[in-house]
Amino acid sequence: MGQDKTEDKNESGVELTEGETELYDRQIRLWGLESQKRLRTAKILISGLNGLGAEVTKNIILSGVSSVKLHDVQLVTEEDYCSQFLAARQSLGKNRAEASLERARALNPMVDISADTQPLKEKTAEFFSAFDVVVINSQSNDELLRIDAICQDLGVKFFASDVWGMFGFYFASLQQHSYVEDVVKFKEMEAKPNQKPKFEKVAVPFQREMNYPAYSAWIDFDINAAGYQRQLKKNGPGVVLLSVLQKFRTTYKRDPSYKTREADIVLLQAIRDELAPNSTLSNESLGVLFAQISPAVAVVGGVVAQEIIKVVTGMEAPHRNLFIFDPDTCAGYVQAIGVN
């Protein structure tokens with residue numbers, strides 16, 4: 001496995017310019033100067049400039065990374081109007097990544113932003129080696145497995161993410177990840193004679209390390225395993241719904257479409273009954289999976305960007321390792337997959 005590239009760059013000794021210090025003043029006060037320096041060296045790939053990709057892009061650019069590569073082969077369609085705010089309406093029919101450039105660059109002129117329109121399947125290890133974090137939206141499991149395997153060899157952090165309607169997820173494949181976590185302890189204060197001792201809370205930084213399994217851990221996960229049923233009852237059938245949607249994409253080489261809504265709901269029901277015949281996943285839940293809806297991409301995209309910032313800065317433990325946004329509860333939860 002390759003060395004963690006983000007750790008290499010944390011020791012680069014980069015200094016912020018006066019303009020950067022002023023622009024990122026609020027962030028520096030929030031997570032510290034050293035964290036902002038680490039962000040300033042980070043190179044991020046975001047593939048899939050749908051509504052979710054646009055939301056992740058916005059948050060990452062505003063954080064102040066070094067560069068963002070926007071990748072997509074798809075064209076802007078009317079469906080993108082639901083949530084893709086980086087591509088202007090007059091860009092209908094243009095490449096989504098290229099159509100997103102102007103507004104993306106306007107967010108933060110200090111970040112180097114470029115577009116790539118070559119098919120993802122043609123990208124080799126040489127391409128992915130240029131990045132510290134790779135985010136892949138709306139791809140098949142086969143392609144996600146291929147790219148994650150490349151990232152594993154290179155030591156590049158990998159996120160797979162997606163939103164269908166009001167449902168969304170991300171999976172983090174971070175390999176051996178090191179981070180600093182503040183642990184609250186009580187420190188005895190100096191007291192006057194004959195007074196009871198007093199204590200104050202202090203945050204003590206501790207270096208941690210955590211192993212994140214590859215994306216294959218999700219592919220191998222058994223949603224019908226007896227040991228998982230208790231968690232299913234607690235969290236709801238979101239993990240089952242993710243399996244159904246990914247099976248639909250693999251089988252039909254597309255996602256459920258609002259243009260064929262009724263027929264696709266029937267297909268989704270059949271896949272659900274095949275994969276998890278005793279599931280509590282309702283027919284109603286299968287009816288909110290069409291196009292990407294702005295509130296869902298805002299939540300999922302915000303969480304993905306937050307986790308990327310954690311990974312790059314090495315501050316705080318990233319979620320481990322599957323995040324689900326449930327349309328029934330309008331809340332997200334984290335499920336540990338393949339973790340010992």
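Predicted model: local features only at pLDDT ≥ 70, side-chain atom pairs only at ≥ 80, totals over all residues.
**Entry 1: L70**

I began with L70, which I found in strand 2, residues 67-71. Is L70 buried or exposed? Its relative accessible area is 0%, so I noted L70 as buried, the cut-off being under 20%. Next I listed its contacts, skipping neighbours within four places in sequence: among them are I46, L49, T57, A97, L101 and I113. I also checked L70 against L120: they are 50 residues apart in sequence, and their C-alpha atoms are 12 Å apart in space.

**Entry 2: the cores**

Then I asked which residues have the most contacts inside the largest nonpolar core. They are I44, I60, V65, V68, L70, F159 and I308, in a core of 45 residues. Helix 13, residues 294-313, gives the most to this core, with 10 residues. I also found a second, separate core of 41 residues, which includes I136, I223, I324 and Y333. A friendly reminder to myself: in soluble globular proteins, nonpolar side chains tend to be buried together.

**Entry 3: F159 and V133**

I looked up F159 next, again leaving aside neighbours within four places in sequence. F159 is in contact with residues including V133, I136, Y170, F171, L174 and I308. From there I moved to V133, which lies in strand 4, residues 133-137. V133 counts as buried because its relative accessibility is 0%. Not counting residues up to four places away, V133 touches K43, I44, L45, V156, K157, F159, I308 and V312. V133 and L174 are 41 residues apart in sequence, yet 9.3 Å apart in space, C-alpha to C-alpha.

How many residues of strand 6 (residues 167-173) are buried? Seven of the seven are, so I wrote strand 6 down as largely enclosed by the rest of the structure. In a regular strand the side chains alternate between the two faces of the sheet. Here I saw F167, F169, F171 and S173 point one way, while G168, Y170 and A172 point the other way, and all are buried.

Which way does strand 5 (residues 157-164) run relative to strand 6? The two are antiparallel, joined by seven bridges, and F158 stands opposite S173. Strands 5 and 6 form a hairpin with two residues between them, and G165 in the turn has a positive phi of about 60°.

Strand 6 also pairs with strand 9 (residues 322-326), in the antiparallel sense, over four bridges. There I found F171 opposite L322.

Conventions. Residues numbered from 1 in each chain as written. Heavy atoms only, no water. Buried < 20%, exposed > 50% of the residue type's maximum accessible area, 1.4 Å probe, protein only. Contact = heavy atoms within 4.5 Å. Core = buried A, V, L, I, M, F, W, Y, C linked by side-chain atoms within 4.5 Å. Pairing = 2+ DSSP bridges.
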